[in-house]
Amino acid sequence: QVQLVESGGGSVQAGGSLRLSCAASGTISNGNRMGWCMGWFRQAPGKEREGVAAIYFGNSATYADSVKGRFTISRDFARDTVYLQMNSLNPEDTAMYYCAAAPFVGDAFDLASYRYWGQGTQVTVSK
């Protein structure tokens with residue numbers, strides 16, 4: 001069993017920055033951590049959940065076009081924690097952000113591929 005706990009959300013003005021953290025515990029801490037895929041997703045009110053960034057095969061990363069150049073995903077294996085550094089935030093980034101984990105995925109942003117999900121952390125960006 002894997003538990004994921006997100007933190008770091010909050011309210012910022014447009015142009016500001018936040019860093020989200022996702023602490024993993026359970027099987028992922030003892031298994032083949034290098035192979036696990038960790039993803040960040042977000043869901044705005046009235047919209048579908050969408051992929052934002054994912055990290056896999058160690059430190060390979062992929063990003064949604066809407067966040068490329070502004071967001072950076074990283075992982076600390078020693079702390080079993082994945083981070084999402086978000087810069088140049090704009091109101092369109094306002095959403096609940098979720099961390100997800102899977103032993104492997106074909107499509108990094110395929111929600112159905114992720115077995116474990118956190119409870120989410122709210123990010124609100126004002127004009």
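How many aromatic pairs does the structure hold? The structure has 5, where rings of Phe, Tyr and Trp (its six-membered ring) pair if their centres lie within 6.5 Å, and planes under 30 degrees apart count as stacked, over 60 as edge-to-face and the rest as tilted.

Before you click, note that this is a predicted model: local features need pLDDT of at least 70, side-chain atom pairs count only at pLDDT 80 or more, and totals for chains, interfaces and linings use all residues. Residues are numbered from 1 along each chain as its sequence is written, and side-chain values use heavy atoms, with hydrogens and water left out.

Select Trp-36 and Tyr-116 to see a stacked pair, 6.1 Å centre to centre with 25° between the planes. Trp-36 sits in the loop between α1 (27-30) and β4 (37-43) and Tyr-116 in strand β10 (residues 116-117), so the pair ties together parts 80 residues apart in sequence. Helices (H or I, at least four residues) and strands (E, at least two) are DSSP runs, numbered from the N terminus. Trp-36 is buried, at 8% relative accessible area (buried means under 20%, exposed over 50%, partly exposed in between, with a 1.4 Å probe and protein chains only).

Next, pick Phe-41, Phe-109, Tyr-114 and Trp-117, a cluster linked by ring pairs.

Finally, show the open sheet of 4 strands, ordered β1-β3-β8-β7 with antiparallel pairing (two strands pair if DSSP finds at least two bridges between them).
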